Amino acid sequence: MENIDIQIHPSLRTVDWKDNKVIMIDQTKLPNELVFVEYDDFNQVANAIKNLIVRGAPAIGVSGAFGLALAVLQSKATTKDELISDLDSARKILFATRPTAVNLGWGLKKVMNIAKSGNSVEQIKQLVISEAKKMAEEDIEINKVMGKNGSVLFDDNDTIMTHCNAGALATVAYGTALGVIRATRESGKNVKVIATETRPIQQGSRLTAFELKHDGFDVSLIPDTAVGYSMANGLVNKVVVGADRIVKTGHVFNKIGTYQVATMAKQHGIPFYVAAPLSTIDLQTKAEDVIIEMRNGAEVTGIGDKKTAPDDIGVINPAFDMTPPELITGIITEKGVATAPYEESIPKLFEANN
Ligand code: MRU
């Protein structure tokens, strides 16, 4: 395993825009190598989202926006209508990559609306690029405010469990759930973290454990099967996870296994928090209509390149699950913390937005 020089990479920036190119950390290579990839074609960005080179709801929202920024540069359009039509074709390709996180559609829509407000080809190009860059910077700011809002819910010497990766690597930087943990430490409290491995593709061990260790946290890794043991034996004080989509009833869609962690937390009287920006909240869609992405069985029948199951075995591999509101102690956002009844508290977050 190659040693990553932390002095060269003091903080992780997952997605960036430089010299008319999109720069991303290739997350499929972590934790063994910290490799940055550069794209100048929106199709490459779509491919990166589909193949988890970039992943995590806010990170794919911003990546989608940067994909459209590349599309305006690639377009040969000479009129506004032609450019909007080229952009819309790119939007469809980017949108088709992953179905569950609402941030992708949110980011694409935001940029399309800005594009439509432009009058000339040149103006639209500038508007699209500057909007995508602005979204990336705002993502970091939002995470910092969310972190502060959440930090008051955590105490000195807490051990906090998290699932999957909702950190700098799932956003542009700082993170949502891990942003709350960062802000808690920045407020002077001492915290430890337990990260679940998060099978099948191990965002917990490959990304969360890497990211927290990189930033000097006391982090312990557990197999997903040790969640109950850890809670039953008093090793966990609180849980915080991210979200891919939250609907207005407070049902939370997040990485597969979140529902099990939340159920266990309820069983042991451990507070279970979700941290997510308003861009992850979908007031339109009903819980039963959210599409759960089903991924390739090979993620389950092997670990990395090593086969760990018999040939031709049937596999069920949902990438996300739904945690019902009765298991959730609070939803931490940049506009405050929503608590039950969520049907009342979630819309209020948007009023506070005005
Ligand atoms: O399949 P992934 O790795 O994109 O899933 C990511 C998650 O489920 C995260 O927990 C979620 O996006 C929150 S990220 C701030």
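This briefing looks at the ligand site and at a few backbone details of the structure above.

The model is predicted, so local features need pLDDT of at least 70 and side-chain atom pairs count only at pLDDT 80 or more, while totals for chains, interfaces and linings use all residues. Residues are numbered from 1 along each chain as its sequence is written, and side-chain values use heavy atoms, with hydrogens and water left out.

**The ligand and its shell**

- The shell around the ligand holds 17 residues, and the closest are Arg55, Arg98, Asp244, Asn254 and Lys255; a residue is near the ligand if one of its heavy atoms lies within 4 Å of it.
- By class, seven of the shell residues are nonpolar, six are polar and four are charged (Ala, Val, Leu, Ile, Met, Phe, Trp, Tyr, Cys and Pro count as nonpolar, Asp, Glu, Lys and Arg as charged, and the others, Gly among them, as polar).
- Domain 1 (15-143) and domain 2 (146-351) each give at least three residues to this shell, with bounds from an automatic or database domain assignment.
- Helix H2 (57-74) and strand E9 (252-255) each supply at least two shell residues; helices (H or I, at least four residues) and strands (E, at least two) are DSSP runs, numbered from the N terminus.

- An N or O atom in the side chain of Asp244 is 2.7 Å from an oxygen atom of the ligand.
- For Lys255, a polar side-chain atom lies 2.7 Å from a ligand oxygen atom.
- Ala57 takes part through its backbone, with an N or O atom 2.9 Å from an oxygen atom of the ligand.
- The protein covers 99% of the 420 Å² of accessible area that the ligand has on its own (Shrake-Rupley method, 1.4 Å probe).

**Backbone details in loops**

- The Arg199 to Pro200 peptide bond is cis, with omega near 10 degrees, and Pro200 is in the loop between strand E5 (192-196) and helix H7 (203-214).
- Another cis peptide bond runs from Ala340 to Pro341, with omega near -5 degrees; Pro341 is in the loop between strand E16 (336-338) and helix H11 (342-351).
- Asn20, a residue other than glycine, has a positive phi near 60 degrees, and its place is in the loop between strands E1 (15-18) and E2 (21-25).

Key
Polar contact = N/O pair within 3.5 Å; in protein donor to acceptor, adjacent residues only side chain to side chain.
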